[in-house]
Amino acid sequence: MSSAGPWADLARPPLRGAALRSALVRPAGPLGRLEVEAVLDSTSTALAERARAEPGAWPDLSVLVAEHQVQGRGRRGRSFTTAPRAALTASVLLRAPAGSAPSLPWLPLLTGLAVVEVLRRRAGLQAVLKWPNDVLVPPPPRPASAPASAADAPAASAPAKVCGVLAEVLPPGAPAPDEGPVVVVGIGLNVDARADELPAAGATSLRLAGAATTDRDVLLRALLRRLAEHWQRWGAAAAGGGPLPSGLTDPVREVCSTLGERVRVELPGGAACEGVAESLDASGALVVRTADGPRAVTAGDVVHLRPAGGAPAPDG
């Protein structure tokens, strides 16, 4: 990559920060603040630090975007790097109402739903949600001239991870202990990455999946607007402390490809359980029917298993 500036690679233009703010920040749009920076270690770490240091400067629905994230954070302490301007790496600050803590597990799921909806409507991809925090897309259609074989059929048909979501609750006291939870939701969407630039095995990008668009401005605008809609509905429902309405949670269940699959869930601490993923309960937990009966899983890495004799699907 040349050091000549943000326009050195014309195939990957920079995000237009001023135009994004004009369209998305209040009063024109739903956001409280939006900043685009050239390089950050982690958008989530940086946003959390800034919100603690200057809570008044980072209101609800503040967004921090990095054109190049060099130490992104995933589940279980995993880290990753994205190529400059090949992805959308953004974190959103959400100031939840008091009493909403029981509904917090739905936030990464609703964020994933927003990504799925935007990819289906804008990118023309039949994206799905993998519990609890990944978005998968199918591979591009096989060219008519390419011969199909039994050996490569499973790999060719397996969906791949295009986006990951990580939600973290900030410690009490940020900004005040008597207010509701403060959550930072990080989103990493592979947009224009080549195969050799992907952060992990089993991953893909919108470009590789044959998306109808890889325009990051278009995708980011649509994603932040849709996420804000889900967040505002979530906040109104979660403030009372009761279960969320089915009108908010059923769309998550409808796009969740984990449901109905035989899965292995690798649990925190090294244990695992295996069975059929039957449902999401009222708290957003994955209910797995194991040999010992149903088990509600609140956290873990899920592997979609194929029927006996087949290979496991990629662990997104």
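Helices (H or I, at least four residues) and strands (E, at least two) are DSSP runs, numbered from the N terminus, and two strands pair if DSSP finds at least two bridges between them. The model described here is predicted, so local features need pLDDT of at least 70 and side-chain atom pairs count only at pLDDT 80 or more, while totals for chains, interfaces and linings use all residues. Residues are numbered from 1 along each chain as its sequence is written, and side-chain values use heavy atoms, with hydrogens and water left out.

Of its 316 residues, 48% count as buried, where buried means under 20% relative accessible area, exposed over 50%, and partly exposed in between (1.4 Å probe, protein chains only). As for contacts (heavy atoms within 4.5 Å), residues 24 or more positions apart make up 64% of those with a separation of 6 or more.

Strand β2 (residues 62-69) runs antiparallel to β5, and five bridges join the two. Within that pairing, valine 65 has alanine 90 of β5 as its bridge partner. Strand β9 (residues 182-190) also pairs with β5 in the antiparallel sense, this time over nine bridges. Here alanine 87 is partnered by asparagine 190 of β9.

Most residues other than glycine have a negative phi, and most peptide bonds are trans. Leucine 61, in the loop between α2 (43-53) and β2, has a positive phi, near 60°. Its relative accessible area is 2%, so leucine 61 is buried. Arginine 85 sits in the loop between β4 (79-80) and β5, and its phi is likewise positive, near 60°. With a relative accessible area of 9%, arginine 85 is buried.

Then there are the cis peptide bonds. One runs from arginine 26 to proline 27, with omega near 10°; proline 27 is in the loop between α1 (17-24) and β1 (33-40). Another joins tryptophan 131 and proline 132, with omega about 0°, and proline 132 is found in the loop between β6 (128-130) and β7 (134-137).

Turning to the packing, a nonpolar core is a set of buried Ala, Val, Leu, Ile, Met, Phe, Trp, Tyr and Cys residues joined through side-chain atoms within 4.5 Å. The largest such core has 69 residues, and Leu119, Leu206, Trp234 and Val265 have the most contacts inside it. Domain 1 (17-141 + 155-248) and domain 2 (261-304) each supply at least three residues to this core, with the domain bounds coming from an automatic or database domain assignment. Apart from it lies another core, of twelve residues, including Ala51, Ala66, Leu93 and Val184.

Rings of Phe, Tyr and Trp (its six-membered ring) pair if their centres lie within 6.5 Å; planes under 30 degrees apart count as stacked, over 60 as edge-to-face and the rest as tilted. The structure holds one aromatic pair. It is formed by tryptophan 231 and tryptophan 234, which are stacked at 5.1 Å centre to centre with 15° between the planes. Both lie in helix α6 (residues 216-238), three residues apart, or about one turn of the helix. Tryptophan 231 is buried at 6% relative accessible area, and tryptophan 234 is buried at 0%. Elsewhere, arginine 33 lies over the face of tryptophan 58, at 3.8 Å from the ring centre; a charge sits over a ring if NZ of Lys or CZ of Arg is within 6 Å of the ring centre and within 35 degrees of the ring normal.

Setting aside neighbours within four places in sequence, leucine 259 contacts Arg253, Ala277, Glu278, Ser279, Leu280 and Leu286.
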